[in-house]
Structure formats: C-alpha cells, structure tokens
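Q: Please pick out one part of this structure and look at it closely. Describe how that part is built and what it touches, then place it in its chain and in the assembly.

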Protein chains: 2
Amino acid sequence: MAEPEARLAELDAVFSALAHRARRQILMTLHFRGGSMAAGDIAGRFAHAWPTTTRHLKVLEEAGLVTVERKGLTRLYRLEPKNLEVVTGWMKWLKSAKG
Amino acid sequence: MAEPEARLAELDAVFSALAHRARRQILMTLHFRGGSMAAGDIAGRFAHAWPTTTRHLKVLEEAGLVTVERKGLTRLYRLEPKNLEVVTGWMKWLKSAKG
DNA sequence: ATCTCATTTAGCGACTTCGCTAATTAGCTG
DNA sequence: CAGCTAATTAGCGAAGTCGCTAAATGAGAT
C-alpha cells in the first residue's frame, strides 16, 4: 500500500466522483449495457448537453472508475470495477476495525 | 422502498457527505472511539477551526450518518451505521445486477 | 442575574462545480 | 483536400463548498 497520501487522494477522487447523481447513473448505465459504451451512446441517454456528459466522463476517468479507448471515430468507455473496490474496501474497513 | 426520488436524494446526501476527507475521517474517529463522542472532542482532533468541524458534523447529520443528543453542556454525536448501508447497498446492487 | 463553558450560527472571501453554447480536434469517406 | 461526424476543449455565469473570524445561544455554576 505505502504512500498514505496517495491512498487518501484516491479515496478523495473516487468518492468525489460518486458524489454526483449523473456520474453514478453513468456507471450504472455502463454496467447494464455490458460494461462498455461509446461516448455518444452514453450522452444520448442523458438530458444534459453532450459536453456536460463529456466532463462527467472525464471525472470518472480521473478517478479510475472508467477507461477510454479510441475506436475509430468513436470513443469506447469501459467500466473499471476494480477501482470501485476502493469504496467497498473503505466501507468494510470502517465497519470491521476495532478501536 | 417507494418514492424513487426520495431514495435518489438520500443517495445524493450520503455520497456527498462522504466526498470530503474530513467527514470520512470524522466517521472513522467516531467508530474508533466507540461510536459516540462530544462535539468538542471531535473538533479537538482536527486542524480545522471548530466551526468548520461543526459544519461538517451538520452535513453528516443531514445525511443521516450521525445523530446528536444534548447531554448537559455538551453535544454527543453518535455514529449511525444503518445509513451507511445506503452506500453498500448501491455498490452491491451495481456489482450484481445484470443487464 | 451573572459568569463561564461548549457549541452553533452568521457572514465573508476564495475556490470549485456544473450547467450551457460556441469553437476546435481528429478520424473517416468521397 | 473537402466535408461529414464523434467527441472534446474553451469559456462563461450561477450556485455551491469550505475555510476563516466574530457574534450568538443555551446550560450549568456562583
């Protein structure tokens, strides 16, 4: 683990990313559609303007919750469930640890 | 469950509350010290000015993550683990549901 | 009633977030 | 290359967050 500050920063990034309803919904949408979708496909499912969704996607990407891959003209966003473990890990630890 | 909007609002409140490092730390501190502490006891463990911590406590309270009880001069904050289930529930559901 | 102690509320300034529209980048096709 | 399409970046304004200090509240003790 090392680098406690890096770990805290990661927690900050992940929890902040999850703090917005639209971003949680993006993750859910991705999951329900098999784990990966084109950016426009995602944007099309939201009432927000496309650039707004683009920015949400960037926040999720910076938190490590999704990854992007260029696929010709489109960009494929993929759910990265591994980094969600940061949250479950924190929750589990909070519940189990003894003082 | 009913009221989908109420449920979404609760998710918003809880995830937003967890999005700040100091607030996560307050929950951890509470847990490690047995689940309840006086406000001043909590504030004393943070570098922030006392009113700043008071506000964080209010955010946590509004999210249902802690409760307060007047105890003479002091106010006793108690961890409310039940409402943390909102998060674990969301996480679990996200991981297990099939599209 | 007054004083003190624990805590909150009020209010300010710096900064960030989140929505938008307009402009730009970059790949593909003719 | 010109033109279309997918998506991002730029930049703006409204609103929220988070730190602070100063003032107010409210309970207990003198």
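Predicted model: local features only at pLDDT ≥ 70, side-chain atom pairs only at ≥ 80, totals over all residues.

A: Helix 2 of chain B is followed by B:G34, a residue with a positive phi, near 100°.

Helix 2 of chain B covers residues 21–32. Its 12 residues reach 16 Å from the first C-alpha to the last, close to the 16 Å expected at 1.5 Å a residue. Most of this helix is covered, with nine of the 12 residues buried. Those residues are B:A22, B:R23, B:R24, B:I26, B:L27, B:M28, B:T29, B:L30 and B:H31. An α-helix has 3.6 residues a turn, so residues three or four places apart point the same way.

Among the buried residues of the helix is an arginine, B:R24. Its relative accessibility is 2%, and it therefore counts as buried, the limit being under 20%. What does B:R24 contact, leaving aside its neighbours within four places in sequence? From chain A the list holds A:L8, A:L11, A:D12, A:F15 and A:W90; from chain B it holds B:L18 and B:A19.

Not counting residues up to four places away in sequence, B:H56 touches B:H20, B:A22, B:R23 and B:I26. Of these, B:A22, B:R23 and B:I26 are listed among the buried residues of helix 2. B:H56 has a relative accessible area of 9%, and because buried means under 20%, B:H56 is buried as well.

The counterpart in chain A can be described in the same terms. Helix 2 of chain A spans residues 21–32, and its 12 residues reach 16 Å between the first and last C-alpha, close to the 16 Å expected at 1.5 Å a residue. Its buried residues are A:A22, A:R23, A:R24, A:I26, A:L27, A:T29, A:L30 and A:H31. Just after this helix, A:G34 has a positive phi of about 100°.

How are the two chains related? Chain A is superposed on chain B by a rotation of 180° with 0.0 Å of shift along the axis, at an RMSD of 0.0 Å. This is the relation of a two-fold axis. In chain A, the C-alpha nearest that axis belongs to A:A19, at 3.1 Å. Both copies use the same surface, as 100% of the contact residues of chain A recur in chain B.

Chain A has five helices and three strands, and from the N terminus on they run α-α-β-α-α-β-β-α. The C-alpha atoms of chain A fill a box of roughly 50 × 25 × 25 Å along the principal axes. Of the 99 residues in chain A, 38% are buried. Among contacts in this chain between residues at least 6 apart in sequence, 51% join residues at least 24 apart. Chain A exposes about 5,700 Å², and carbon and sulfur atoms supply 55% of that area. It has 16 positive and 10 negative side chains, with 8 Å between the centres of the two sets.

A:E85 and A:V14 are 71 residues apart in sequence, with their C-alpha atoms 9.9 Å apart.

In chain B, B:R75 sits in strand 3 (residues 74–79) and is partly exposed, with a relative accessible area of 39%. Apart from residues up to four places away in sequence, B:R75 touches B:M37, B:A38, B:A39, B:V68, B:E69 and B:R70. The C-alpha atoms of B:R75 and B:R7, 68 residues apart along the chain, are separated by 29 Å.

Technical notes: Residues numbered from 1 in each chain as written. Chains lettered and ligands numbered in written order. Heavy atoms only, no water. Least-squares fit on C-alpha atoms with pLDDT ≥ 70 in both. Contact = heavy atoms within 4.5 Å. Helix = DSSP H or I, 4+ residues; strand = E, 2+ residues; numbered from the N terminus. Buried < 20%, exposed > 50% of the residue type's maximum accessible area, 1.4 Å probe, protein only. Areas by Shrake-Rupley, 256 points an atom, 1.4 Å probe, with all protein chains shown as cover. Lys, Arg positive; Asp, Glu negative; His and termini not counted. Charge placed at Lys NZ, Arg CZ, Asp CG, Glu CD. Expected span 1.5 Å × (residues − 1).
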